[in-house]
Amino acid sequence: MNQLEALKQFTTVVADTGDFNQMVQFQPQDATTNPSLILKAVQKTDYAPLLTETVQRVGTQDLARTMDELLVQFGCAILKLVPGRVSTEVDARLSFDTAATVARAERIMALYNQQGIGNERVLIKIASTWEGIQAAQQLEAKGIRTNLTLLFAFCQAVACGNAGVQLISPFVGRIYDWYKKQAGAQWDEAAMAGANDPGVQSVRRIYQYFKQHGIGTEIMGASFRNTGQIMALSGCDLLTISPELLAQLSDAEAPSGFEPALNPAMAGAEPMPVIRYDEASFRYALNEDAMATEKLAEGIRAFAADAGKLEQLMMAAA
């Protein structure tokens, strides 16, 4: 049995890509996209026609609408290849505007519905800002399921759980990146691998808290740098993995008698008090976490920049 097969026994495997032709061989249950992945995909010969067709059909007078139409076209193509759900992201430039985020999410879902796709097959990705979490709570109440992304801090996860969001995506690799950069020459790769990886530890803490307190929000580890991080989170509800790392997992043999690193029974080992946040206490807790504050801001800037580049490509295709 290879590592991917072993992982699938305990965890829902999700493909993290806009390159939907590449994901088929790994038979993921779900798929996730973001503006950066879509930007990367439309610059490939296989997917450029999707961009051109969308621009010709919708035009470029309202670039925000054209963007949503393009994202949904990718999502619909992906849903023909996976049995589960696709995650489609709201423009990161709206990360601090609750009302605008709700409006864009509703439009994206309406576009899916027009293509015959039911709400149960779509997760709307939203940045885990205070405003994004409030938007997600409103959307969940309307039957629109959400995936809260760019999640780095424990307080973000707790607030999402309190808001009743469907799924969260803690970014394992970007947490790892931050701590490795901070350590500089003192970083010991071997000593900080597996269960000692700070990104892995972050997800394990969230998993323990959610399972201990019966929080139904799904946990989907994301943004992996190596297969060691992935296998150290085997047993997590879901893991979204790039095609490159899926290929490495499928090429590596799983150890005999493989057991998952996470399971609900371990969640009660260390009692954790219930936490509630209002806006002020959430913002303060996030501010106290330098890594999360920096990586959240950096992630929003990067997704916003790639959305801008995607708009430029749309204008060029007009």
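1. Basis of the values. Because the model is predicted, local features need pLDDT of at least 70 and side-chain atom pairs count only at pLDDT 80 or more, whereas totals for chains, interfaces and linings use all residues. Residues are numbered from 1 along each chain as its sequence is written, and side-chain values use heavy atoms, with hydrogens and water left out.

2. Helices α5 and α6. The axes of α5 (residues 63-79) and α6 (residues 98-114) come within 9 Å and cross at roughly 45 degrees, and the two helices are therefore oblique to each other (angles under 35 degrees count as roughly parallel, over 145 as roughly antiparallel, 65 to 115 as roughly perpendicular and the rest as oblique). Axes here are lines fitted to C-alpha atoms over the stretch in contact, with angles running from 0 to 180 degrees between N-to-C directions, and helices (H or I, at least four residues) and strands (E, at least two) are DSSP runs numbered from the N terminus. The contact (heavy atoms within 4.5 Å) involves residues including Leu71, Val72 and Gly75 of α5 and Arg107, Ile108 and Leu111 of α6. The residues of this contact divide into nine nonpolar, one polar and five charged, where Ala, Val, Leu, Ile, Met, Phe, Trp, Tyr, Cys and Pro count as nonpolar, Asp, Glu, Lys and Arg as charged, and the others, Gly among them, as polar.

3. Helices α6 and α7. The axes of α6 and α7 (residues 130-141) come within 8 Å and cross at roughly 45 degrees, which makes α6 oblique to α7. On the α6 side the contact has Thr98, Thr101, Val102, Ala105 and Glu106, which meet Glu131, Gln134, Ala135, Gln138 and Leu139 in α7; these residues divide into four nonpolar, four polar and two charged.

4. Helices α13 and α14. The axes of α13 (residues 279-288) and α14 (residues 290-317) come within 5 Å and cross at roughly 100 degrees, making α13 roughly perpendicular to α14. Leu286, Asn287 and Glu288 in α13 meet Ala290, Ala292, Thr293 and Leu296 in α14.

5. The largest pocket. A pocket is, on a 1 Å grid over the protein atoms alone, an open set of points where a 1.4 Å probe fits, with protein on both sides within 12 Å along at least five of seven lines, and lining residues have an atom within 4 Å of a point. The largest pocket is lined by 29 residues, of which Asp16, Asn34, Leu37, Ser223 and Ser242 lie nearest its centre, and α3 gives the most to this lining, with four residues.
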